[in-house]
Amino acid sequence: MKKVLITIFTLMLCFLSLLNSGYTAELRDYINISGFDDYPPFGYSRQEGNKTVWHSVMEVIVDNMTKEISKKVNYKTYHQNDATIAEAIANGEIDLFLSAYNQTNRFDKLAMFYPSVFSNPITFFVLPSRMAYIKTTEDLSKLKGVRYSGEIFTDFIENKLSDWNVEKVDSIYEVFEKIFTKQADYFLSSYYFGFIEAVKLGVSRQIAFSKTPLWNIPVFVGVAMKSPYNGAISYHITRYFEDEKVINEIKTRLQKIIEEFETEYSGAVPPAFNVE
């Protein structure tokens, strides 16, 4: 009974969102699905043979939906810090966005599907010798941190970090260079993204991370309020999120993606940096 009520409630929210938008869209013969292309495991592109293929931990949802909706799927992916995402969602250019954050301006024209399948834990990475010096969030706020400028958090966390001494840099290499040369005390990142980037650079065994997240960001799938397929998409996605088999497939896929990166970059040689 509880699942039925959740389904009805979600569909009502999507319907009301459409009414409030005052929008009537012309149906097309394809569905636009979007996500990030630089944020593994939530969305990333990789070379497979002669093709560049986009993947997402949520792709099982797309696979299931395309079997049931007789529409072609177009993919349009974005860098995390792409300022045009919000406009594309608001204009109905995007139908479905995989891996979005709630209560965040760029996604406020999406109707989110509840519950969230999993969370994105925000943590910090340090040299093992530094971990003993960091016991609390207050300790972090007094130290110098570094983060990758391409990684975007929720509005709430971004506001929190405005008072911290955290430098943004434009490359992952520079992030780890600052850690290993002790120009920064810690690297602030989501666990999944930070760990995968460390694996790719060959330094995952040379750093430590806090197993207690600073924040956990619920990760959602959202349908654009102005999507002409809002109703159809909402119906199918809500059903999938009630299916334990689909949820388990997503969670299994998450772990498999991490393992795939570990296998692919198992021979990566760590940079020398200029460690004194």
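These legends walk you through several close-up views of one predicted protein model.

Residues are numbered from 1 along each chain as its sequence is written. Because the model is predicted, local features need pLDDT of at least 70 and side-chain atom pairs count only at pLDDT 80 or more, while totals for chains, interfaces and linings use all residues; side-chain values use heavy atoms, with hydrogens and water left out.

**View 1. The whole protein, before we zoom in.**
The protein has nine helices and 13 strands. Helices (H or I, at least four residues) and strands (E, at least two) are DSSP runs, numbered from the N terminus. Of its 276 residues, 49% count as buried. Here buried means under 20% relative accessible area, exposed means over 50%, and partly exposed lies in between (1.4 Å probe, protein chains only). Among contacts in the protein with a separation of 6 or more, 75% come from residues 24 or more positions apart; a contact means heavy atoms within 4.5 Å.

**View 2. An open sheet with the order β2-β3-β4.**
This open sheet has three strands, with antiparallel pairing. β2 (38-39) and β4 (51-55) are at the edges with a single partner strand each, so one side of each has no neighbour in the sheet. Two strands pair if DSSP finds at least two bridges between them. β3 (residues 43-48) pairs with β4 over five antiparallel bridges. To trace one of these bridges, find Gln47 and look for Thr52, its bridge partner in β4.

Now look at His55, which belongs to strand β4. Is His55 buried or exposed? With a relative accessible area of 13%, His55 is buried. Its side chain makes a polar contact of 2.5 Å with the side chain of Glu48, and another of 3.3 Å with that of Glu59. A polar contact is a pair of N or O atoms within 3.5 Å; within protein, one must be able to donate a hydrogen and the other to accept it, and residues adjacent in sequence count only if both atoms are side-chain atoms. Leaving aside neighbours within four places in sequence, the contacts of His55 include Phe42, Tyr44 and Arg253.

**View 3. Strand β11 and its partners.**
Five of the five residues of β11 are buried, so this strand is largely enclosed by the rest of the structure. β8 and β11 run antiparallel and are joined by four bridges; in one place, Thr123 has Ser189 of β11 as its bridge partner. β9 pairs with β11 in the parallel sense over two bridges. Here you can find Gly145 opposite Tyr186 in β11.

**View 4. Helix α6 and what it packs against.**
In α6 (residues 172-180), the buried residues are Ile172, Val175, Phe176, Lys178, Ile179 and Phe180. These buried residues pack against β8 (118-126), β9 (145-148), β10 (166-169), β11 (186-190) and α7 (191-201). Just after α6, look for Lys182, which takes a positive phi of about 60 degrees.

**View 5. Ser210 in a loop.**
Ser210 sits in the loop between β12 (208-209) and β13 (215-224). Ser210 is buried, with a relative accessible area of 13%. Its side chain reaches the backbone oxygen of Thr212 at 2.9 Å. Not counting residues up to four places away in sequence, Ser210 touches Thr123, Phe124 and Met131.

**View 6. The largest pocket.**
The largest pocket has a volume of about 200 Å³. On a 1 Å grid over the protein atoms alone, a cavity is a set of points where a 1.4 Å probe fits but cannot get out, and a pocket is an open set with protein on both sides within 12 Å along at least five of seven lines; lining residues have an atom within 4 Å of a point. Grid points are joined across faces, edges and corners, and a volume is the space filled by probe spheres set on the points. Phe195, Arg205, Glu262 and Tyr265 are among the lining residues of this pocket.

**View 7. Two cavities inside the protein.**
There are two cavities of 30 Å³ or more. The largest cavity holds about 40 Å³ of space, and its lining includes Gln80, Arg106 and Ile152. The second largest cavity has a volume of about 30 Å³, with Tyr39, Asn120 and Val219 among its lining residues.
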